[in-house]
Amino acid sequence: MATFKCLFLALFIALSFFGGEAARNLLQLPNLPSVPNLPKPTLPPLPSIPTLPQPTLPTTQPSLPKPTLPPLPSLPTMPTMPAVPKVTSPPLPSLPTMPTMPAVPKVTLPPLSSMPSIPTIPIPTTLPSIPFLSPPPATTKP
């Protein structure tokens with residue numbers, strides 16, 4: 001990235017130098033003849049757009065004859081369907097009876113023993129002093 005910046009700076013300096021040389025050469029050229037004033041051309045006037053006649057619209061609508069429709073044909077009658085005889089199904093067989101289950105004797109459980117209590121661990125509220133981290137005792141009394 002630094003190389004790119006250096007290359008960009010060198011290119012900028014080189015272009016500035018050559019630009020200065022070109023300007024100096026232009027200043028040293030002899031005066032060029034001035035451009036003569038040319039007459040301004042005149043354009044012919046534009047043709048006018050002809051006005052077209054405006055169409056007139058009728059204010060009332062012409063009446064149209066009302067169409068008459070022929071009457072609708074009557075629908076044919078459907079023949080009646082013959083009556084369907086009722087079908088009777090035979091009675092369903094009865095389900096077999098389930099054998100009775102023998103009575104289950106009631107079981108009594110012994111009473112639950114009480115839960116043992118969790119021992120409490122004393123948590124110290126003060127930190128013990130570590131000789132390596134604590135300052136040495138003062139040798140002089142204030």
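This is a short tour of a predicted model, from the whole chain down to single residues. Local features need pLDDT of at least 70, side-chain atom pairs count only at pLDDT 80 or more, and totals for chains, interfaces and linings use all residues. Residues are numbered from 1 along each chain as its sequence is written, and side-chain values use heavy atoms, with hydrogens and water left out.

**Stop 1: the whole chain**

The chain has 1 helix and 0 strands; helices (H or I, at least four residues) and strands (E, at least two) are DSSP runs, numbered from the N terminus. Its radius of gyration is 61 Å, well over the 14 Å that the globule rule gives for 142 residues, so the chain is more spread out than a compact globule. The radius is taken over C-alpha atoms, and the rule is 2.2 Å times the number of residues to the power 0.38. Along its principal axes, the C-alpha trace spans about 135 × 135 × 40 Å.

Now switch to a surface. How much of the chain is made up of buried residues? The share is 0% of the 142 residues, where buried means under 20% relative accessible area, exposed over 50%, and partly exposed in between (1.4 Å probe, protein chains only).

**Stop 2: helix α1**

Select residues 2–28, which form α1. Then pick phenylalanine 12, which sits in this helix. Phenylalanine 12 counts as exposed because its relative accessibility is 54%.

From phenylalanine 12, draw a distance to glutamine 54: the residues are 42 apart along the chain, and their C-alpha atoms are separated by 70 Å.

**Stop 3: after the helix**

Select leucine 72, in the segment after α1. At 80% relative accessibility, leucine 72 is exposed. Its C-alpha atom and that of threonine 108, 36 residues apart along the chain, are separated by 90 Å.

Finish at proline 91, also in the segment after α1. Proline 91 is exposed at 77% relative accessibility. Proline 65 is 26 residues from proline 91 in sequence and 74 Å away in space, C-alpha to C-alpha.
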